[in-house]
Amino acid sequence: MFKKVLIANRGEIAVRIIRTCREMGLKTVAVYSDADSRALQVLEADEAFYLGPAEPRQSYLQVERILDAARESGAEAIHPGYGFLAENPAFAEACRQAGVVFIGPPAQAIRSLGNKTVARNLMSRASVPVIPGMLTTAGDPRVFAREAEQIGYPVIIKAAAGGGGKGMRVVASPEELPEAFQSCRSEAEQAFGDGALYLEKHLVGSRHVEFQILADSFGQVIHLGERECSIQRRHQKIIEETPSPALTPELRETMGAAAVAAARAAGYVNAGTVEFLLDQQGNFYFLEVNTRLQVEHPITEVTTGLDLVRHQLEIAAGRPLPFRQEELRKTGHAFECRIYAEDPESNFFPSPGRILFLQEPSGPGIRNDSGIYAGFEVPVEYDPILGKLIVCAETREAARRRMIRALEHYVILGIKTTIPFLIDVFKTAEFIEGRTTTDFIDRHFEGWRQDDGGADLARMVYAVAERSKTSGRPEAGPMAQGRPSPWKTLGEWRL
Amino acid sequence: MNYPLKIQDEVETLEYLPVKEKDEARVTIKNTTFQVAFQAIDAHQLRLLVDGRAVRAFVAQGPGEKHIALNGRVYRVQEIDVAQGRRRARGLEEAPGEVTPPMPAVVVRLLVAEGEAVVRGQGLVVLAAMKMETTLKAPFDGVVKKINTALQTKVMPGDRLIEIERRNAS
């Protein structure tokens, strides 16, 4: 087993990985940018190395600086977390060449699964059902028009180099196609450096169901059950749960077997996730493989009792999986909410800034993986995820109520967060009935506003706080002078 | 004592009358009066009994406003100086000719130069934050008096990025 591991990431996932390393007796090395010199991963690791300015390209994406940090610290392995370099085959390869173990799949598996059309071909040949559509990319919009006619609208144009919900556009009719094609291409070029596109049928009202797999370097591949991730906004997941309300034991077995077949077909090693779309008739189709530990992995952990980071480290250290498929048991029902620094009343505007007060929820069946603390300055340069709140209980309904209680006890003051929005999602009738499909948020939460029944009570609290001097620490300094306000000058937001 | 309190766009005036002990009051809002008793638990936590009903509240002081959390809902409450229709609290006044970011951000494009005439709504500076971009626009017709920032500078709410002197369009 390694003696020292470098975590090439930041925020909640870096903290989560450090925790398991510490429990296994491994030394930990954190890396940080200018914006993160006081971040939680720096505070919790044994050592920390400076990478550069806050902008990811100058810090968390700096392959050479990270390898230098590994060399200087003597770290024998690097855990890439998710995002940043986690699915960068060149980084995995560079680690190997530097004599450092990359905790993840082989570079070749990352490369082939990272190209979505290559992945589709691989799966198709392995008899895993794929979404009807193109198996190769094309540069001519007329090819797309022909394919779309053949499989039927609506269709979705996707970037071959994309993934994670980015670089895609739904096209409802032939008239929309040429423009969608052009803007998708330029977006893909900008975001991924590769404008190659392909087309699939758009399965309306489908569910996003994914399977966690673990594969060792001895050819053993197992799955750890599914996660349902249908509550999404702009193709980004917000809420995940396991088990999926839509799966029968038979469907679970069939899809699980398909996930294992998919992993084998790609020569996969370590932890990964095979994503499927499940249509309303109970047919499932391969979507993509995520060649990393995913954000929502905790719901699998709390229902299986397994520590996935531990298994990643053990697999990377050359150990075989210590259990067989038949030995795995899942109990209870779990939900996860991603907590974002965004304002749900203003089209989810990012809301960076200083956290003035923080109280995390606790109690039976509650797990909070967060990367923040009171006084931390949430930076502007990164994805606005503050952490994940996970609950587990005996039944889905008990877990739903537990999540509502946990969210109501989660106090973050100073920045706007999605907590009030999440509470309302969990109280919706369709959610209670488990009717979660990928268009859930669009259908039920367009133009959401926080229920203002409590506004007068908040006013009372204000007055009492003034009188009792419970008002936190007042800001000093420049507030005393005339202060400019942004509101008369603010334009619209765009990506 | 009266507190005109604004949440989002709504202002309601609350009347606060202390009753005998310091930790009790009669509070009137929207013509309804409540009996309120309270305990300050610590710098950020209050427990209230509103007509006997227990309420647990968390409070943090922000610039010119209090952030208040009640059972999962969060409110930003500002005290208003009704006569002038502006935010009050320790001399806070708006200076509308000064262009400032709504949140911490990075300057990615400057669209005007000092001395340039601008019209209301004209783009002045483009900011980026958390992978999104926004343009700050001129609040009225005028002339760019001063640019206090530069490309790639990190800026915060309260920073005076650009000063515009109001001038009627001729």
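Let me begin in chain B, where A105(B) has V155(B), a residue of β16(B), as its bridge partner. The two strands here are β11 (residues 105-110) and β16 (residues 154-155) of chain B, and they pair in the antiparallel sense over two bridges. Two strands count as paired if DSSP finds at least two bridges between them. Strands and helices are DSSP runs numbered from the N terminus: E and at least two residues for strands, H or I and at least four residues for helices.

Quick note on conventions. This is a predicted model, so local features need pLDDT of at least 70 and side-chain atom pairs count only at pLDDT 80 or more, while totals for chains, interfaces and linings use all residues. Residues are numbered from 1 along each chain as its sequence is written, chains are lettered from A and ligands numbered from 1 in the order in which they are written, and side-chain values use heavy atoms, with hydrogens and water left out.

Still in chain B. β11(B) also pairs with strand β13 (residues 123-129) of chain B, antiparallel, over four bridges. There, V107(B) has L127(B) as its bridge partner.

Now chain A, and its open sheet. Eight strands, antiparallel pairing, in the order β13-β12-β9-β10-β11-β14-β21-β19. Which strands stand at the edges? β13 (284-290) and β19 of chain A; each has a single partner strand, so one side of each is left without a neighbour in the sheet. Direction ignored, neighbouring strands are turned by 25° against each other on average.

β19(A) pairs with β21(A) over five bridges, in the antiparallel sense. D369(A) stands opposite K388(A) of β21(A). Helix α1 (residues 11-23) of chain A lies across β19 and β21, at about 115° to β19(A). For angles, axes are lines fitted to C-alpha atoms, for helices over the stretch in contact, and the range is 0 to 180 degrees between N-to-C directions.

Next, helix α12 of chain A, residues 396-408. It has 13 residues and reaches 18 Å from first C-alpha to last, close to the 18 Å expected at 1.5 Å a residue. The expected span is 1.5 Å times one less than the number of residues. Its buried residues are R396(A), A399(A), R400(A), M403(A), I404(A), A406(A), L407(A) and E408(A). Buried means under 20% relative accessible area, exposed over 50%, partly exposed in between, with a 1.4 Å probe and protein chains only. What covers these residues includes β11 (236-242), β14 (333-340), β19 (366-370), β21 (385-393), α13 (419-427) and α14 (429-432) of chain A.

That leads to the cores. A nonpolar core is a set of buried Ala, Val, Leu, Ile, Met, Phe, Trp, Tyr and Cys residues joined through side-chain atoms within 4.5 Å. The largest has 39 residues; I239(A), I339(A), L407(A), I412(A), V425(A) and F426(A) touch the most other members. β11, β14, β21, α12, α13 and α15 (440-444) of chain A each supply at least two of its residues. α13(A) gives the most, with six.

What does F426(A) touch, beyond residues up to four places away in sequence? Its contacts are I239(A), F335(A), C337(A), R400(A), M403(A), I404(A), L407(A), F431(A) and I432(A). Contact means heavy atoms within 4.5 Å. A second, separate core has 32 residues, including I18(A), L214(A), A271(A) and V295(A).

On to helix α6 of chain A. T117(A) lies in this helix, residues 116-125. T117(A) is buried at 7% relative accessible area. Leaving aside neighbours within four places in sequence, T117(A) contacts L135(A), T136(A), T137(A), A160(A) and Y198(A). The buried residues of α6(A) pack against α5, β6 (155-163), β8 (197-201), α9 (249-265) and β13 of chain A. After α6(A) comes S127(A), with a positive phi near 60°.

One residue in α5 (107-114) is R111(A). It is partly exposed, at 42%. R111(A) and T291(A) are 180 residues apart in sequence, yet 9.5 Å apart C-alpha to C-alpha.

Last, cysteines. C95(A) is buried, at 0%.
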